[in-house]
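Please work through the exercises below with the sequence and the model side by side. Each task is followed by a solution that goes step by step.

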Amino acid sequence: MEKEKTKILEISKTEYIIFLGAAVLPFLFFNSFYIQGLLIFIMMWVMLGNSWNLLAGYTGQVSFGHAAYFGIGAYAAALPYFHYKISPWWGLLYGGLAAVILGYLLGILVFKLRGPYFALGTLATGEILRLVFGEEEWLTNGHNGILYTTTWVSKYPYYFIALALAILSILSVKMVMKSKAGFYFLSIREDEDAAAALGINTKKYKNISMAISTFWAGTAGAFYMIYMGFIDPEVVFALHNISIITILIGIIGGVGTIWGPAIGALVMVFVQELFRSAIFGLAPHWVSGLHALIFGLLVITVILYLPGGILGDWDLIANKFKFSKRMRSSS
Amino acid sequence: MKLTKLLISLLVIAGLAVGLNGCGKSESGPIKIGVLLPLTGPQANFGEMEKNSFELAKEEINAKGGINGRPVEFVYEDDTGKPDVGRAGAEKLIVQDKVPMLAGGYSSSVTFAAAAVAQQHRIPFLVNTGSVDKITEPEAFDLTTNDGDKFYIYRLNPPVSEYASGLEGLLKEVVKPASAFIIHENSAFGTKGAKSFAKTCDKLGIKVLGNESYSSGTVDFKPLLMNARKTKPDMVYMISYVMDAALLMKQSRELGFTTPKLFVGAGAGFTMPAFKENAGEATEGVISATLWHQTLPIKGAKEYYDKYVKKYGGDGPDYHGAEAYSAAYVIADVLTRCNGEYTPETIKKALDETNMMTVFGPVKFTSYGKKIHQNKMDTYVVQWINGELKLIWPKNLANAKFMYPIDWKTVWGL
């Protein structure tokens, strides 16, 4: 036990296998640009899910406005390009930082709020940014959006960049949660007043959690700009397409678990594509309109029966499965 | 050792799959052309009409022997009205379906975003509805107007800045409004359209009293309309997609906003059958710019309209359908001139040389101002009279006498 404590970061064998498996994945689908594209989106959502999970799942500050940080990261990459032709690739460096700065400033306002009020406060910040970026045409080109000719046609480089960032985001959360700060986050989540009474500087640690969280959301946004080559305020500051989906990924995968967001991202992208493409064109066209409904039902099921998410309640799922198996064999 | 074995077998499988992929291309099957349209989402009304028209044209072309004996096939991709989905769709059509040419393109934002993909992959893209000016301006793609051979975007429909040109005559000669209030949806189509109409107003000496935007999908337009009412404009000019257009008129009627001499739409939503269905009585008297009308003296226009109604029923197509139907015929004409070799380069060359007649009017891609590969067209004015869309301007082509001045209280049954 003593020995383990000195290690800041531990990566288990299973995790190495998962990372390696993820690295091989695009080669298995080498002739499907489409699936490779989906894999890239999964990695982007892993980043966003982790970002949200650290702040909401581990620190108890349930944000409904992660699109604000995602969007600011995307615009941090896009605006220097739009005005001065500076490559958006630099956005990978400063997209995250821009989001951290925004997070700190907004934190001054929203960290005064608790629980549902915090959630509503963050929701408002995302929406305000969407409107401001839509109206201030001189700065952001408004709803015309910003277009950039992407660097590569091939998906491989984007996939590996996204994968590397996604792995880093997972490891960073893992590392933080092993450190002293991680325990403080948990104590803030359990009872903020008690944590303060014990002498934890709750404001400081909430800001630290916010900084790491917003950094990954901003980086994901910058990556989106580089990869997609087009952003507009409605896309990157979207309430339901970004903020809400981010929350759902956390909830479905498992709030407050290291691997929850990764699983949530996988399930979310898969379900969304399954229905958007009308079960790969096998079902009638109207099925594609159902994806929002099915996703809603999935979320309700998870909240009702697996409140800890797929990963958080894995034992429950495994037990159920065993149980029903036993039932079948006995009957 | 095991790893090398695994790697070798993986490579073999990869090689086989690549080989098989290459075999899939046949020389006798249909020629596939990718079409990007909003088939679900708020713009699905337009997408459906355009898809129907593409299909109608396809059946006729193939019944007449197709392209040098090979049938043509349209592969549709749903852009859901969102630029990012549209880009992914365009990419899928180019890379996965390996189409040598793209067509369609409904909303300005989606079309522009998808055009960048086509341009990057060097695949010709014949746009038939997306109307923001910059789509055919090479400048927007880091090229110049001399780069025609490097520019892969072509456009059948006029740009949004020219939509209201047909309207100018009516305003100048008949209505002579002193002031206008502009209401527009806030994406590229609406913002640019509003800007160019404000310029038109300057030219005609019409004072612009207000220029307000909303985001498409808004449900409550009453605060916006009440602001407009306060300024007492002579005319209200609206740039909207179909549901917004219907709600704007419906709520104007509900508010009793009867002071303007004219309610004018800038095409898009205001000429659609779905506009009438949703706005009901408030449709009456509304004027709109349009790019086409079935009664125009263009060969085939009326026939197309009748065939569409016969096949799909309902109220018949407006200019959007005619654009799509004509685009399909332009594609067929272009492919026929490719001499059996259907590559992006041969198609691009054939597009450059296009000079033909369609039900939408003559099609020829020319350059003027900042634009290249742009088809030049006249625009017209229509009015909803007794629940029917009538062509009222220019006078020599009109099929009905325009209704003016309009007593809104009577026509709306207030």
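**Exercise 1.** Describe chain A by its helices and strands, and state how its radius of gyration compares with the globule rule.

*Solution.* Begin with the elements: chain A has 17 helices and 2 strands, where helices (H or I, at least four residues) and strands (E, at least two) are DSSP runs numbered from the N terminus. Along the principal axes, its C-alpha atoms fill a box of roughly 70 × 60 × 40 Å.

This is a predicted model, in which local features need pLDDT of at least 70 and side-chain atom pairs count only at pLDDT 80 or more, while totals for chains, interfaces and linings use all residues. Residues are numbered from 1 along each chain as its sequence is written, and chains are lettered from A and ligands numbered from 1 in the order in which they are written.

**Exercise 2.** Find out where in chain B the confidence of the predictor is lowest and highest among the elements.

*Solution.* For chain B the mean is 90, and 93% of its residues reach 70 or more. Among its elements, helix α1 (residues 2–23) has the lowest mean, 45, whereas strand β4 (residues 125–127) has the highest, 97. Over residues 10–26 of chain B the score stays under 50, and the model has 3 contacts beyond four places in sequence for them; two residues are in contact if their C-beta atoms, placed from the backbone, lie within 7 Å. Where pLDDT is low, the predicted coordinates should not be read in detail.

**Exercise 3.** Determine which helix of chain B gives the largest share of the side that touches chain A.

*Solution.* First count both sides: 22 residues of chain B are in contact with 21 residues of chain A. Then list the helices of chain B that each supply at least two residues of its side, namely α1, α3 (83–95), α4 and α6 (188–204). The largest share, 7 residues, comes from α3(B).

**Exercise 4.** Describe how the two domains of chain B are assigned and how they meet.

*Solution.* The bounds come from an automatic or database domain assignment, which gives domain 1 (31–158 + 297–375) and domain 2 (162–290 + 379–411) of chain B. Their C-alpha centres lie 28 Å apart, and 17 residues of domain 1 are in contact with 19 residues of domain 2. On the side of domain 1 that touches domain 2, helix α4 (residues 108–121) of chain B gives the most, with 3 residues.

**Exercise 5.** Two residues have a positive phi although they are not glycines, A:N141 and B:R122; is each of them buried or exposed?

*Solution.* A residue is buried if 20 or more other C-beta atoms lie within 10 Å of its own, exposed if 12 or fewer, and partly exposed in between, with C-beta atoms placed from the backbone. A:N141, with phi of about 65°, is found in the loop between α7 (137–140) and β1 (146–147) of chain A, and it is buried because 20 other C-beta atoms lie within 10 Å. B:R122, with phi of about 55°, is found in the loop between α4 and β4 of chain B, and it is exposed because its count within 10 Å is 12.

Definitions and conventions
pLDDT = per-residue confidence, 0-100. Rg over C-alpha atoms; globule rule 2.2 N^0.38 Å.
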